[in-house]
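Open the model in your viewer and keep the selection tool at hand.

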Amino acid sequence: MLIRPATAADADALSDLAHRAKAHWGYPAAWMRQWDAQLTIIPGYLELHDVWVAEHEGQIVGMAALEDRGDRWHLEHVWVEPAVHGRGFGRALVTHALEEARARHGGVVELLADPYASGFYERLGAQRAGAVAAPMPGERDRTLPKYEFLLD
């Protein structure tokens, strides 16, 4: 596995990956359409934030982004190719992002998790820090779990 910084040339492949990874959980097509803009990675985003990709056998199989928001970090766009779930790519990307944040100025790395990813983040040591309303058609009470990694 190779972890490297994403480039503007990766934007389309990363958008495709994000859409495949989200769709893997069986969300309704209407929800997927609503999330289209959030799942589309544009070159400007890659220039503004630290984004890494994981490559395996020359193919992009995962990504993770770290946004520096001054007093805390935000972990965003953690996506792994569904065919390689459970093989350590997601763990390696998140660990890489946390190490980068720790080396720069530490603090807190927070994230909103897809409900299907809660166990993944908990296994990596994230602490539950509440929930955020995320209503969708047919599920008005839907929430997303909020997590924090406390860096030394």
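Select Ser15. Ser15 is buried, at 7% relative accessibility; buried means under 20% relative accessible area, exposed over 50%, partly exposed in between (1.4 Å probe, protein chains only). This is a predicted model: local features need pLDDT of at least 70, side-chain atom pairs count only at pLDDT 80 or more, and totals for chains, interfaces and linings use all residues. Residues are numbered from 1 along each chain as its sequence is written, and side-chain values use heavy atoms, with hydrogens and water left out.

Stay on Ser15 and show its element. The residue belongs to helix α1 (residues 11–23). Helices (H or I, at least four residues) and strands (E, at least two) are DSSP runs, numbered from the N terminus.

Which residues does Ser15 contact, leaving aside neighbours within four places in sequence? Display Leu39, Thr40 and Ile41. Contact here means heavy atoms within 4.5 Å. Now draw a distance from the Ser15 side chain to Ile41: a polar side-chain atom of Ser15 lies 2.7 Å from the backbone nitrogen of Ile41.

Next, select His77. Look in strand β4 (residues 73–80). The phi of His77 is positive, about 50°, although the residue is not a glycine. Is His77 buried or exposed? His77 counts as buried, at 16% relative accessibility.

Last, select Glu57. Find the loop between β2 (50–56) and β3 (59–68). Glu57 also is not a glycine, yet has a positive phi of about 50°.

Methods. A polar contact is a pair of N or O atoms within 3.5 Å; within protein, one must be able to donate a hydrogen and the other to accept it, and residues adjacent in sequence count only if both atoms are side-chain atoms.
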